[in-house]
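Student: I have a model open on my screen and would like to go through it with you. Could we take it one question at a time?

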Amino acid sequence: STPYPIHIVYQRPRLLPNSLGSIINQFKSQCTKRIRAIGQAGFQWQSRYHEHLIRSQQELDNVRRYIINNPGNWKGN
C-alpha cells in the first residue's frame with residue numbers, strides 16, 4: 001500500500017497518421033477554426049455523436065430518408 005493516493009489518467013488512444021479517424025479529426029478541427037473565425041465563437045460539434053461509415057446502398061438510402069424526414073420531428077413543427 002502506498003502512503004499517497006494514486007491518480008489514474010485516461011489518455012485517448014493516438015490516431016494513426018492518414019487513418020480515417022485522423023482525417024476526420026483534422027477536418028473537424030479546421031472547420032471549427034474557420035467557423036469561429038467568422039464570428040460563431042460558441043460553435044461546438046454535437047456531443048455524443050459518432051461518425052458512421054455507410055457501407056451499402058441500403059444504409060445510404062436510410063440516411064437519405066432520415067435527412068429528408070427528420071426536420072418534421074423537431075419541436076414546433
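Student: Is Asn 18 buried or exposed?
Tutor: Happy to start there; this is a predicted model, where local features need pLDDT of at least 70, side-chain atom pairs count only at pLDDT 80 or more, and totals for chains, interfaces and linings use all residues. Residues are numbered from 1 along each chain as its sequence is written, and side-chain values use heavy atoms, leaving out hydrogens and water. Buried means under 20% relative accessible area, exposed over 50%, and partly exposed in between, with a 1.4 Å probe and protein chains only. Asn 18 has a relative accessible area of 71%, so Asn 18 is exposed.

Student: What is the phi of Asn 18?
Tutor: Most residues other than glycine have a negative phi. Asn 18, found in the segment before helix 1, has a positive value, near 65 degrees.

Student: How far apart are the end C-alpha atoms of helix 1?
Tutor: Helices are DSSP runs of H or I, at least four residues, numbered from the N terminus. The expected span is 1.5 Å times one less than the number of residues. For the 18 residues of helix 1 (residues 20-37) that gives 26 Å, and this agrees with the distance between the end C-alpha atoms, 26 Å.

Student: Which residue lies over the face of Trp 45?
Tutor: A charge sits over a ring if NZ of Lys or CZ of Arg is within 6 Å of the ring centre and within 35 degrees of the ring normal. Trp 45 is partly exposed, with a relative accessible area of 37%. At 5.0 Å from its ring centre lies Lys 28.

Methods
Helices (H or I, at least four residues) and strands (E, at least two) are DSSP runs, numbered from the N terminus.
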